[in-house]
Amino acid sequence: MVVSVIVLGSGVSKLLSINIFGIQPAIAQRITPSDVWQKVYQQLPDFPRENKYINKETGKVAENNTLVSRLIRYHIYTKERSAIYRLDWKLTLADYLGANEIMYDNSYPGNDVLQQNPIEGDRAAIARLNRSQRDTLVQVLVNIFNPNTQNTSAPSPNTTTAPNPSTSTPQQSQPGGAQLLR
């Protein structure tokens, strides 16, 4: 945070800029959404590409217009959701699965540049994924957009916590115990 101060005295005023935290702001490396899809496919090479659609202008296959690139554009630009939170990505996947918000054909990424709108093929591709594959996709996206996060996976459902015998067990309340609160 930089604070500007005007110092008056001796008929001359000076403008001083003071960084009150004493730390210069760091220049962060920015990740552009248009580059992320390539990183996703590097980490998930078997993930469906769905890139066989024809470009309206060139008449050629738009190989760089992939399922992941459209998913990212839908998430960030169409729905304006944050790219660094797992829950936001899960909401987007729920849109694709028909369990959250309605997806509109005319605003779906690729509709404007491809001869055929890829929305139905993309929704079908996401529906073919199992829960583990969708969770992996979400984690990869979050890790790419926010590299400072740790891989925070949920505990496995088979994990049970054994009670710790060293902790004291709560005692049964005694009749009239509420009177002691007065």
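Student: Are Tyr74 and Tyr108 buried or exposed?

Tutor: Let's start with the cut-offs: a relative accessible area under 20% is buried, over 50% is exposed, and in between is partly exposed, using a 1.4 Å probe and protein chains only. By that rule, both Tyr74 and Tyr108 are buried.

Student: What kind of model is this?

Tutor: Residues are numbered from 1 along each chain as its sequence is written, and side-chain values use heavy atoms, with hydrogens and water left out. Local features need pLDDT of at least 70, side-chain atom pairs count only at pLDDT 80 or more, and totals for chains, interfaces and linings use all residues, in what is a predicted model.

Student: How many aromatic pairs does the structure hold?

Tutor: Rings of Phe, Tyr and Trp (its six-membered ring) pair if their centres lie within 6.5 Å; planes under 30 degrees apart are stacked, over 60 edge-to-face, and the rest tilted. Counted this way, the number of aromatic pairs in the structure is six.

Student: The planes of Tyr41 and Phe47 stand at 55°; what does that make the pair?

Tutor: The ring centres of Tyr41 and Phe47 are 6.3 Å apart. Their planes meet at 55°, so the pair is tilted.

Student: What is the distance, centre to centre, between Tyr74 and Tyr108?

Tutor: This aromatic pair is tilted, with 40° between the planes, and its centre-to-centre distance is 6.1 Å. Tyr74 sits in helix α2 and Tyr108 in the loop between α3 and α4, so this pair links distant parts of the chain, 34 residues apart. Here helices are DSSP runs of H or I with at least four residues, strands are runs of E with at least two, and both are numbered from the N terminus. Back to your question: the centres of Tyr74 and Tyr108 lie at 6.1 Å.

Student: Which residue lies over the face of Tyr41?

Tutor: A charge sits over a ring if NZ of Lys or CZ of Arg is within 6 Å of the ring centre and within 35 degrees of the ring normal. At 4.2 Å from the ring centre of Tyr41 we find Arg49.

Student: Which side chain is joined to Arg70 by a polar contact?

Tutor: Arg70 is in helix α2 and counts as buried because its relative accessibility is 0%. A polar contact is a pair of N or O atoms within 3.5 Å; within protein, one must be able to donate a hydrogen and the other to accept it, and residues adjacent in sequence count only if both atoms are side-chain atoms. At 2.7 Å, the side chain joined to that of Arg70 belongs to Asp122.

Student: What is the phi of Glu50, which is not a glycine?

Tutor: Most residues other than glycine have a negative phi. Glu50 lies in the loop between α1 (33-43) and α2 (67-78), and counts as partly exposed because its relative accessibility is 24%. Its phi is positive, at about 50°.

Student: Which helices do the buried residues of α3 pack against?

Tutor: Among the buried residues of α3 are Trp89, Leu93 and Tyr96. The buried residues of this helix pack against α2, α4 (119-128) and α5 (131-145).

Technical notes. Contact means heavy atoms within 4.5 Å.
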